[in-house]
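Hi,

Here's the structure I promised to pass on. Have a look, and my notes follow below.

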Amino acid sequence: MARHIIQQADEAADGRRTAPAALRNSGPLIEALRRRLPSEGRVLEVASGTGQHAAAFSEAFPDLDWVPSDVDPGQRQSIAAWRRSSGVKNLAEPLAIDISASWPVGQGFAQAVLTVNLLHLVPETFVSRFFEEARSALSSGGRVIVYGPFLRGSSYASEGDRAFDTSLRARDPTIGYKSVEAVSEFAGAAGFSPLANDAMPANNLLLTFNLP
Ligand SMILES: C[S@@+](CC[C@H](N)C(=O)[O-])C[C@H]1O[C@@H](n2cnc3c(N)ncnc32)[C@H](O)[C@@H]1O
């Protein structure tokens with residue numbers, strides 16, 4: 001199994017990577033996150049990728065402290081480059097977080113954990129661990145927000161989704177789309193309740209869960 005999949009991106013001379021998908025979905029995500037993020041506190045973004053989102057989201061939500069992270073050192077360099085060039089004060093240095101292992105943060109570190117376009121790229125055991133670690137990182141009443149492509153039951157939202165999932169599974173049979181129901185079960189097993197299911201462009205979903 002490939003340890004992790006890195007996204008397609010161009011790289012500027014200063015180290016900032018730019019991925020077309022992140023350019024496309026930043027605006028719709030900011031709009032939806034306005035309804036789902038807490039009004040203040042700290043957001044831990046898991047698998048921040050290039051750092052484009054971290055720069056855009058921290059600027060859009062100046063009352064939140066934004067902590068990006070990624071498992072990949074090259075991605076963390078790109079996140080750091082976006083942080084330097086944006087000059088946004090509420091954007092922290094990226095943490096090294098692998099969702100299949102313990103996160104280097106204490107209980108109550110964040111009020112929200114966000115991950116964008118990660119869960120379809122990892123095995124189910126990683127998704128289960130993700131929710132357990134998120135629970136440990138959150139304060140009471142905290143929330144987890146996950147965005148990406150999902151199955152609805154056993155159905156694909158489109159033929160394009162079916163083709164993409166088939167290509168992922170051909171590359172690594174342990175990864176691929178998860179159903180909304182399976183993700184909700186993993187979240188529930190870690191103590192989260194479903195709060196919202198927002199339809200997003202290109203058949204994606206933004207799922208929000210919270211802790212009591
Ligand atoms: C498709 S990219 C999405 C990046 C970003 N969230 C976005 O939407 O632009 C997937 C990211 O997940 C990271 N990743 C893959 N496996 C991971 C893992 N086990 N733990 C944490 N991050 C991981 C990769 O390094 C990559 O940056």
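A backbone N or O atom of A47 sits 2.7 Å from a nitrogen atom of the ligand, which makes a polar contact (a pair of N or O atoms within 3.5 Å). Bear in mind that this is a predicted model, where local features need pLDDT of at least 70, side-chain atom pairs count only at pLDDT 80 or more, and totals for chains, interfaces and linings use all residues. Residues are numbered from 1 along each chain as its sequence is written, and side-chain values use heavy atoms, with hydrogens and water left out.

A polar side-chain atom of D98 is 3.0 Å from a ligand nitrogen, and a polar backbone atom of V116 is 2.8 Å from a nitrogen of the ligand. The protein covers 95% of the 600 Å² of accessible area that the ligand has on its own (Shrake-Rupley method, 1.4 Å probe).

Then there's helix 5 (residues 159-171), where you'll find D165. Helices here are DSSP runs of H or I, at least four residues, numbered from the N terminus. D165 counts as buried because its relative accessibility is 0%; buried means under 20% relative accessible area (1.4 Å probe, protein chains only). Its side chain makes a polar contact with the side chain of Y156, at 2.5 Å. Neighbours within four places in sequence aside, D165 is in contact with Y156, G176 and Y177, contact being heavy atoms within 4.5 Å.

Over in helix 4, the buried residues are F126, V127, F130, F131, E133, A134 and A137.

Cheers

Terms used. Polar contact = N/O pair within 3.5 Å; in protein donor to acceptor, adjacent residues only side chain to side chain. Buried < 20%, exposed > 50% of the residue type's maximum accessible area, 1.4 Å probe, protein only. Helix = DSSP H or I, 4+ residues; strand = E, 2+ residues; numbered from the N terminus.
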